[in-house]
Amino acid sequence: MKLAYWMYAGPAHIGTLRIASSFKNVHAIMHAPLGDDYFNVMRSMLSRERNFTPVTTSVVDRNVLARGSQEKVVDNITRKDAEEHPDLIVLTPTCTSSILQEDLHNFVERAQLEAKGDVMLADVNHYRYNELQAADRTLNQIVQFYIEKARKKGELPAGKTENPSVNIIGLSTLGFHNQHDCTELKRLMADLGIEVNTIIPEGAAVNDLKKMPKAWFNLVPYRELGLTTARYLEAEFGTPYVDITPMGVVETARCIRKIQQVINAQGADVDYEEFINEQTLYVSQAAWFSRSIDCQNLTGKKAVVFGDNTHAAAITKILTREMGIHVVWAGTYCKYDADWFREQVSEYCDEVLISEDHGEIGDAIARVEPSAIFGTQMERHVGKRLDIPCGVIAAPIHVQNFPIGYKPFLGYEGTNQITDLIYNSFTLGMEDHLLEIFGGHDTKEVITKGISADSDLNWTKDGQAELNKIPGFVRGKVKRNTEKFARDRGFKEINAEVLYAAKEAVGA
């Protein structure tokens, strides 16, 4: 087991809590030590929602460790059922409850005898799955629970809706720009003449899940959340699904054409080519902007991309084929789905990097010195240390990634937002010119930027004086290159002569 002080994807119970708290009138109870209930703080701080159902913690204390939970968990479930009157209570196991080997299934069965609402256990292995995998599995479990419940009661509706309709699956609380993406997807479906049957889990009522089989197809915009549910509905009811992320001009058009194919196969007669053309020419500014003189200045510039599968793959494709930017490497922390990612991005970048180690990612960025980074908040911090601009395109995220203004990443308005983000993440032509003339805000201090803190080299006074003469905006890069030159040759200190030799070695 490796101790991690920063993780790209959280533990499994965070994924389960994200799903439970996304639904309306669903309450989650977490069996964990006091302090593990930071989810409430995280959600209220990040998503800035006025009202949401907080997670209740069934605290594992010294008494539980000595005697077991006995009636404690059952009492907490029945108490919340009486106080809140939820439609569903989800008992969320944690690493602690797994270590204690407590029989949570038994707790749920006993609580269900007294509770008026439904009670279920999120059956997720907390040693095997991370936050994203657990969220996907929990959503599928809840959908199956209510489909089977409706079937047993004879309440499962037969047939499809009269007009083409869709279930949008995978929009959840704390998802990256999910709220804005949801609005954009609803607008897109309305423009295509497609009714929205359900949107899950965000804002959905669990008792409405029984009507999901009435949809003509399911749309899964994010690779990480919703695919298991879509596959279940396809196997159970024959409902086809579209899992093409409509992000960027090319992929949005491809997604719409796939939707056209799916609904026409079921009796519709639609042709969306005129719509795609009009949106590409007049709503999305991305295609026009990519051909403008401003964007041409970015052609061939180096970038790296890192994030979850959905966003990292989509941004890599947009950078390469829509904006002519050279992606040196693209990576993801979704190791469990690495084959899909490689298949998606291999032809659009020089190298594919699969890793959950933020230190390895930071060193990979420092090694290639890109003009811009597109990654998570971790890569943004790396960029600040290396003086490389970074556009945040995926979770992990901070409060600034829950914008108050409308900033979708999906659909045709999303193409505009992404193009702005990409363009503004580079140091632009006029900035390069002004930095070259004025040196920026040059403090004349030696910049010691790096990711690995293993520098054992000493700079002499004359070496430091020469380094100070180099403009501030490139000084960090020169310093790193010089130290690498010195290490490769076994030098223990760097004087002016070593600096000159290093500059000659790289042709500077």
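Colleague: Which residue does the side chain of R254 meet in a salt bridge?
Modeller: In this predicted model, where local features need pLDDT of at least 70, side-chain atom pairs count only at pLDDT 80 or more and totals for chains, interfaces and linings use all residues, the side chain of R254 meets that of E251 in a salt bridge, at 3.0 Å from N to O. A salt bridge here is a side-chain nitrogen of Lys or Arg within 4 Å of a carboxyl oxygen of Asp or Glu.

Colleague: And how many residues apart are R254 and E251 in helix 10?
Modeller: They are 3 residues apart in helix 10, which covers residues 249-264, so about one helical turn separates R254 and E251. Helices are DSSP runs of H or I with at least four residues, and strands are runs of E with at least two, numbered from the N terminus.

Colleague: Is E251 buried or exposed?
Modeller: E251 is buried, because its relative accessible area is 7%, while R254 is partly exposed, with a relative accessible area of 40%. Buried means under 20%, exposed over 50% and partly exposed in between, using a 1.4 Å probe and protein chains only.

Colleague: Which residues do salt bridges that share partners join into one network?
Modeller: That network consists of R79, K80, E83 and E84, joined through salt bridges that share partners. One of its links runs between the side chains of K80 and E83, with 3.5 Å from N to O, and both residues sit in helix 4 (residues 72-84), 3 residues apart, about one turn of the helix.

Colleague: Changing topic, what does the side chain of R151 pair up with in a salt bridge?
Modeller: The side chain of R151 forms a salt bridge with that of E236, at 3.0 Å from N to O. This pair links distant parts of the chain, since R151 belongs to helix 7 (residues 131-153) and E236 to helix 9 (residues 227-237), 85 residues apart. R151 counts as partly exposed because its relative accessibility is 33%, and E236 also counts as partly exposed, at 35% relative accessibility.

Colleague: How many salt bridges does the count come to by this rule?
Modeller: By the rule given above, the count comes to 18 salt bridges.

Colleague: What should I know about the numbering and the side-chain values?
Modeller: Residues are numbered from 1 along each chain as its sequence is written, and side-chain values use heavy atoms, with hydrogens and water left out.
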